[in-house]
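Here's a quick briefing to read alongside the model. Have the viewer open and follow the topics in turn.

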Amino acid sequence: LRNPQSIFSVGSEEAAVMEAVNFLKKEEAIGMPTETVYGLAANALSEKGISRIYSVKNRPQDNPLIVHVSSLSMLEKIMPNNTIPPLYLPILEKMWPGALTIIVPKSDIIPSAITCGQPTVAVRFPSHPVARALIERCGFPIAAPSANSSGKPSPTLASHVFNDLNGRIPLILDGGQCDFGIESTVLDGLRSPPAILRPGGCTYEDIRELPGMEKLQVYRKHFVDKQLEMVPTTPGMKYRHYSPEAAVVLFEYPLENSRVTTLSQAVNQEIEKLSAAGQQGLKIGVLQTGDNFHCSDNGTVQIVQKQMGRATHPEEVAKAMFVAIRDLDTQGVDYIFIEGISEDREGMAVMNRLRKAATTIIQL
Ligand code: TXA
Ligand code: MG
């Protein structure tokens, strides 16, 4: 996809990648597909490229960026003394390339604009063939946050990037829909015990199986006496995030078997409350897993029901979630009611994102 306004194919994939390489060499920022979400890419070793990232997506200056590499030797080259902390080696062997970001010590090669002055840097080796080809052809590491406008839901289609950043970047490489649909897991193995700072596409269950990860901790939002509490983890976690235009109401419930009855009752109750408040022309999107249940429009509200995968397959929900939320936003709904899922596997990252997107959480 190339600006201005027009969307067209550049020809071969190789030609498109080389065009992107040229922009990155000129210290521009462009849209890049990865297996997790789309990234806003720039040369990680260029101060000017990095500052383009912050200004294009209007990102707070104290939220550090992830550096993307295309090989272990590229990682070595940006490490102090060219040495990867040995504790990571068995982990990287199993998880890279993929949806895992690791925290490593920062060397002087990495501009401090990337790390926002922290002594560590976050690094990832993406598996998406287009991202890998791009970094390889550049020969330098690429800094890339998610390619959404700051605060918006993460982009999992090239058109999402286009909608958010149209006119601000010269090129988006369209690699189709992202496989995972949620960002990478950020793992800090330098702490004792090691900790997941942001749950993501690489699951807690899988990382825990790896050598040295037996005591793995997770920092995330959790409930204490029905109040949502947040343990501060990565700098990015303190900002409002993943938020569509519509108000998001998240329904959480622990019951498996009576799922549909409990949920449909609660959803219908909320619809009734809103319609009783007498707001004219109200439009409510209902995002649920599995089959549609009956939602009553009370003759006044307009209801759009959408599915996002099966609750028993959290990877399906992860992949569909941001597409569905953005789609409902495009349809102009005032509220999005979302069914929560269990925190197993990818469900941990799904619930982390939904709790941050939510304006209201209803616990059933
Ligand atoms: O899947 C992903 O990780 C995507 C794709 C494009 O690779 N990127 C992404 O970047 O999600 P971003 O900027 O949206 O999120 C990066 C997260 C933020 O929460 C940030 O605070 C954290 O990583 N982070 C970056 N450097 C850090 C550091 N040195 N220490 C702790 N957290 C760090
Ligand atoms: Mg982001």
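Start with P85: setting aside neighbours within four places in sequence, P85 is in contact (heavy atoms within 4.5 Å) with M79, V104, P105 and L190. This is a predicted model, where local features need pLDDT of at least 70, side-chain atom pairs count only at pLDDT 80 or more, and totals for chains, interfaces and linings use all residues. Residues are numbered from 1 along each chain as its sequence is written, chains are lettered from A and ligands numbered from 1 in the order in which they are written, and side-chain values use heavy atoms, with hydrogens and water left out.

- You'll find P85 in the loop between α3 and α4 (89-95); helices here are DSSP runs of H or I with at least four residues, strands are runs of E with at least two, and both are numbered from the N terminus.
- P85 counts as buried, at 13% relative accessibility; buried means under 20% relative accessible area, exposed over 50%, and partly exposed in between, using a 1.4 Å probe and protein chains only.
- One of the contacts of P85 is P105; the two sit 20 residues apart in sequence and 8.5 Å apart in space, C-alpha to C-alpha.
- K106 lies in the loop between β4 (100-105) and α5 (112-115), and at 22% relative accessibility K106 is partly exposed.
- Not counting residues up to four places away in sequence, K106 touches P80, P111, S112, T115, Q118, P119, T120 and V121.
- K106 and R132 are 26 residues apart in sequence, with 22 Å between their C-alpha atoms.

**What UniProt lists**

- The unreviewed UniProt entry gives R59, N63, T120, S146, S154, R198 and Y242 under "binding site"; positions follow the numbering used here, feature names are shortened, and annotations may be inferred rather than shown by experiment.
- Those residues span 184 residues in sequence, and the farthest two C-alpha atoms are 25.2 Å apart, so they do not all gather at one spot.
- R59 is in the loop between α2 (47-56) and β3 (66-68), and R59 is buried, with a relative accessible area of 12%.
- Beyond residues up to four places away in sequence, R59 touches Y54, P64, L65, P145 and S150.
- T120 belongs to strand β5 (residues 120-124) and is partly exposed, at 24% relative accessible area.
- Leaving out neighbours within four places in sequence, T120 is in contact with I103, V104, P105, K106, T115 and L190.
- Over residues 14-202 the chain is 30% helix and 17% strand, and the end C-alpha atoms are 29 Å apart.

**Helix α6**

- In helix α6 (residues 129-138), the buried residues are V130, A131, A133, L134, I135 and C138.
- The elements covering those buried residues include α1 (13-25), β1 (30-32), β3, α3 (72-77) and β6 (142-143).

**Aromatic rings**

- The model has three aromatic pairs, where rings of Phe, Tyr and Trp (its six-membered ring) pair if their centres lie within 6.5 Å, and planes under 30 degrees apart count as stacked, over 60 as edge-to-face and the rest as tilted.
- One of them is F251 with F337: the ring centres are 5.5 Å apart and the planes at 65°, so the pair is edge-to-face.
- That pair links distant parts of the chain, with F251 in strand β12 (residues 247-252) and F337 in strand β15 (residues 335-339), 86 residues apart.
- Both F251 and F337 are buried, with F337 at 1% relative accessibility.
- Y335 and F337 also pair edge-to-face, at 6.4 Å centre to centre and 65° between the planes.
- F251, Y335 and F337 form one aromatic cluster.

**Cavity**

- Searching the whole structure turns up one cavity of 30 Å³ or more; on a 1 Å grid over the protein atoms alone, a cavity is a set of points where a 1.4 Å probe fits but cannot get out, and lining residues have an atom within 4 Å of a point.
- The largest cavity holds about 40 Å³ of space, a volume being the space filled by probe spheres set on the points, with grid points joined across faces, edges and corners.
- Its lining includes T185, I196, R345 and M348.

Terms used:
On a 1 Å grid over the protein atoms alone, a cavity is a set of points where a 1.4 Å probe fits but cannot get out, and a pocket is an open set with protein on both sides within 12 Å along at least five of seven lines; lining residues have an atom within 4 Å of a point.
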